[in-house]
Amino acid sequence: MVNCPLCDAPIDVDEEDLDEGDPLICEECGANLIVTGVDPLEIESDDDDEDDEEEDEDDLDDFDDEEEEEEDEWK
């Protein structure tokens, strides 16, 4: 058995069926995880998803800034 690296909840998986690179989801916190080692079983947070979310938030912030500038031009 292995624990979630983010919330430390136990993750019940059949370790024999896992390969390096396999995705997992923590049922407790919903984190996207990835198998980084199989003997012993090691998992890490899937950083790619977190980076994508941060980029999406930055894009939305940029869009909001552009909208505010356009509103100021109309005034």
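**View 1. Surface and overall make-up of the protein chain.** The protein chain exposes about 6,000 Å², of which carbon and sulfur atoms supply 39%. The model shown is predicted. Of the 75 residues of the protein chain, 20% count as buried. Among contacts between residues at least 6 apart in sequence, 20% join residues at least 24 apart.

**View 2. Order of the secondary structure elements.** The protein chain contains 5 strands and 1 helix. Along the sequence these elements follow the pattern β-β-β-β-β-α. The helix, α1, covers residues 47-74.

**View 3. The open sheet of 3 strands.** Strands β3, β4 and β5 form an open sheet in the order β3-β4-β5, with antiparallel pairing. Its edge strands are β3 (23-25) and β5 (41-45), each of which pairs on one side only. From one strand to the next, the twist averages 40°. Strands of a sheet pair through backbone hydrogen bonds, in either a parallel or an antiparallel manner.

**View 4. The pairing of β4 with β5.** Strand β4 comprises residues 32-38 and is joined to β5 by 5 bridges, the two strands running antiparallel. Within this part of the structure, Leu 33 stands opposite Ser 45 in β5.

View 5. A search of the whole structure finds 0 disulfides. A disulfide is a covalent bond between the sulfur atoms of two cysteines. Cys 7 is partly exposed, with a relative accessible area of 33%. Cys 29 is also partly exposed, and its relative accessible area is 39%.

**View 6. Confidence of the prediction along the protein chain.** The pLDDT of the protein chain averages 80, and 63% of the residues score at least 70. Which elements have the lowest and the highest mean pLDDT? Helix α1 has the lowest mean, 58, whereas strand β4 has the highest, 96. Where pLDDT is low, the predicted coordinates should not be read in detail.

Notes: Residues numbered from 1 in each chain as written. Predicted model: local features only at pLDDT ≥ 70, side-chain atom pairs only at ≥ 80, totals over all residues. Heavy atoms only, no water. Helix = DSSP H or I, 4+ residues; strand = E, 2+ residues; numbered from the N terminus. Buried < 20%, exposed > 50% of the residue type's maximum accessible area, 1.4 Å probe, protein only. Contact = heavy atoms within 4.5 Å. Areas by Shrake-Rupley, 256 points an atom, 1.4 Å probe, with all protein chains shown as cover. Pairing = 2+ DSSP bridges. Axes fitted to C-alpha atoms, helices over the stretch in contact; angles between N-to-C directions. pLDDT = per-residue confidence, 0-100. Disulfide = S-S within 2.5 Å.
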